[in-house]
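Please take a look at the sequence and the model below. We will walk through them together, one region at a time.

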Amino acid sequence: MAPSLYWWAKDTHRGTPVVVKMENPNNWSMVELESPSEEDFMYTNDSVPKGGRNKNAKQLTWVLLLKAHKAAGCLTSIASTFFSLTSVIRRRVAAGRTDSTDTTEIENPAVKSRFYSCIKVFLWLSLLLLGFEMAAYFKGWHFGAPDLQLQYLYTLTSPLAVKSVFDSLYSNWVLIRMEYLAPPLQFLANVCIVLFLIQSLDRLILCLGCFWIKFKKIKPVCNQKIVDLESGDGDGYFPMVIVQIPMCNEKEVYQQSIAAVCNLDWPKGNLLIQILDDSDDPTTQSLINEEVNKWQQEGANIVYRHRVIREGYKAGNLKSAMNCSYVKDYEFVTIFDADFQPMPDFLKRTVPHFKDNEELGLVQARWSFVNKDENLLTRLQLINLAFHFEVEQQVNGIFLNFFGFNGTAGVWRIKALEDSGGWLERTTVEDMDIAVRAHLKGWKFVFLNDVECQCELPESYEAYRKQQHRWHSGPMQLFRLCIPDIIQSKVCGDMFDRDDSC
């Protein structure tokens with residue numbers, strides 16, 4: 001029976017199928033490998049089931065060797081990745097690169113060289129001290145609670161004690177750490193703990209405020225219902241509004257943003273759209289200008305502005321647009337960044353809040369994100385920004401009538417901008433700057449959590465890093481500049497007057 005069972009064995013390929021891709025002799029990769037299963041080793045040559053084949057020891061050896069080679073390749077790749085990362089860090093430190101991608105700012109080469117020299121000295125000193133600590137540990141310097149072996153330490157530092165050179169150096173080093181380095185470090189640690197507790201208390205109060213808003217169903221209410229323009233109702237509140245879109249080399253998103261603002265549901269005679277282009281690329285300028293001309297032919301009241309002298313970045317761009325002579329004919333200004341796409345009813349849901357409320361200076365809408373589920377980075381950003389809008393800005397808007405302007409998707413009363421001093425180029429956070437100055441002048445803000453404006457989140461770490469660098473580079477500078485104004489403002493004066501009356 002056995003010969004008849006294996007009559008096909010001579011003409012059929014036997015063994016584990018392995019496909020090896022050979023692009024060149026020095027670079028090859030294993031594409032497919034079918035390892036033996038447990039059933040392959042359950043039968044001998046005399047007990048092979050019908051229709052099955054066994055694996056011999058030679059095939060098993062080849063499989064194990066290939067798997068071992070694959071594991072060695074993984075270890076080699078990890079080592080090469082580590083060395084490449086080390087070389088990249090070394091090149092970046094040597095070249096003196098920073099996170100800033102702005103090439104217009106001229107840095108002092110001598111200052112930058114000294115700065116990175118200090119960094120390299122600090123790194124080498126840290127490695128030296130680490131080696132010193134490890135050597136001391138292996139020599140028996142094991143400090144333990146509660147006295148940290150201080151008696152033994154003072155004995156070694158005594159001039160009459162007999163000790164080695166290493167013990168003498170290390171004992172004096174530990175005393176220096178204990179008497180001079182530990183107290184300021186402990187003080188800084190305590191300060192960090194206090195700041196953490198303050199921030200945690202602030203977050204807790206904000207969460208309780210958000211819960212109260214949800215429980216009581218509190219939200220800003222405008223003095224006018226939404227009016228349908230097609231119904232012919234002429235009693236609606238439709239003041240003169242300017243829509244501004246500052247942009248710079250926005251070749252990918254300019255069409256969507258321009259189309260979105262041109263489709264806003266608002267009387268054409270009461271709406272002016274300004275495309276504030278700061279692009280330095282002639283091709284991008286031409287494309288944006290052509291898009292504006294196309295919408296002009298379709299009846300949109302839209303103009304294209306390009307500055308010859310590009311100073312002050314976004315703040316300078318907005319300031320230049322507000323200096324136009326026709327701005328005096330308008331009452332409100334709406335700002336959208338180039339990657340924002342408002343819904344057609346955006347103005348009809350925001351501008352009516354200004355009616356019969358002369359103290360209101362800003363109406364801010366919430367951001368929504370079209371790519372929030374793109375990857376893990378966008379999901380994490382959604383969690384952070386959802387807390388910012390849902391909790392921070394909503395609670396501050398309801399209870400304090402103040403929050404930081406987001407720089408886009410907001411409607412300003414032009415009188416409030418002029419009364420606050422207009423756009424200033426003194427910081428990189430011009431939106432926060434104008435919000436603080438407007439609040440110090442007594443203007444109130446309203447945040448609409450149910451009005452959303454679509455935009456996109458950064459999908460790559462490099463884009464996210466650049467965005468966070470812009471958002472965090474100016475608040476401390478603004479705090480330093482605004483401290484005198486905050487102390488001398490009428491808001492603080494009214495607060496002190498209320499305390500005295502009590």
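What follows is a short tour through an annotated helix, charged pairs, a surface patch and some backbone details.

This is a predicted model, in which local features need pLDDT of at least 70 and side-chain atom pairs count only at pLDDT 80 or more, while totals for chains, interfaces and linings use all residues. Residues are numbered from 1 along each chain as its sequence is written, and side-chain values use heavy atoms, with hydrogens and water left out.

Let's begin with an annotation. An unreviewed UniProt entry lists residues 121-138 as "transmembrane region"; UniProt positions are given in the numbering used here, feature names are shortened, and annotations may be inferred rather than shown by experiment. In the model, this span is 100% helix and 0% strand, and its end C-alpha atoms lie 26 Å apart. Helices (H or I, at least four residues) and strands (E, at least two) are DSSP runs, numbered from the N terminus.

Now for the charges. Side chains of opposite charge can pair when their charged atoms come close. Counting a salt bridge as a side-chain nitrogen of Lys or Arg within 4 Å of a carboxyl oxygen of Asp or Glu, a search of the whole structure finds 18 of them. One joins Arg-307 and Asp-278, with 2.6 Å from N to O. Arg-307 sits in the loop between β5 (302-306) and α8 (313-322), and Asp-278 in the loop between β4 (271-277) and α7 (282-297), so their pairing ties together parts that are 29 residues apart in sequence. Both Arg-307 and Asp-278 are buried; here buried means under 20% relative accessible area, exposed over 50%, and partly exposed in between (1.4 Å probe, protein chains only).

Within helix α7 you can find another pair, Lys-294 and Glu-291, which are three residues apart and so separated by about one helical turn. Their closest N and O atoms are 3.2 Å apart. Which of the two partners is buried and which partly exposed? Lys-294 is partly exposed at 37% relative accessibility, whereas Glu-291 is buried at 7%.

Arg-349 and Asp-345 also form a salt bridge, at 3.9 Å from N to O. Arg-349 is partly exposed at 28% relative accessibility, and Asp-345 is likewise partly exposed at 28%.

On the surface, a patch of negative charge gathers Asp-373, Glu-374, Glu-456 and Glu-459. Such patches are made of residues with over 30% relative accessible area and no salt bridge, like charges being joined within 9 Å and nonpolar side chains (Val, Leu, Ile, Met, Phe, Trp, Tyr) within 5 Å. Glu-459 belongs to the loop between β10 (444-455) and α13 (461-472), and its relative accessible area of 38% makes this residue partly exposed.

Finally, let's turn to the backbone. Tyr-313, in helix α8, has a positive phi near 55° without being a glycine, and this residue is exposed, with a relative accessible area of 58%. Ala-409 is not a glycine either, yet has a positive phi of about 60°. Ala-409 lies in the loop between α10 and β9 and is buried, with a relative accessible area of 0%. Phe-402 is found in the loop between α10 (376-399) and β9 (410-413) and is partly exposed at 23% relative accessibility. The C-alpha atoms of Phe-402 and Gly-442 are 10.0 Å apart, although 40 residues separate them along the chain.

Methods: Accessible areas come from the Shrake-Rupley method with a 1.4 Å probe; for residues, only the protein chains shown count as cover. Lys and Arg count as positive and Asp and Glu as negative; His and the chain ends are not counted. The place of a charge is taken as NZ of Lys, CZ of Arg, CG of Asp or CD of Glu.
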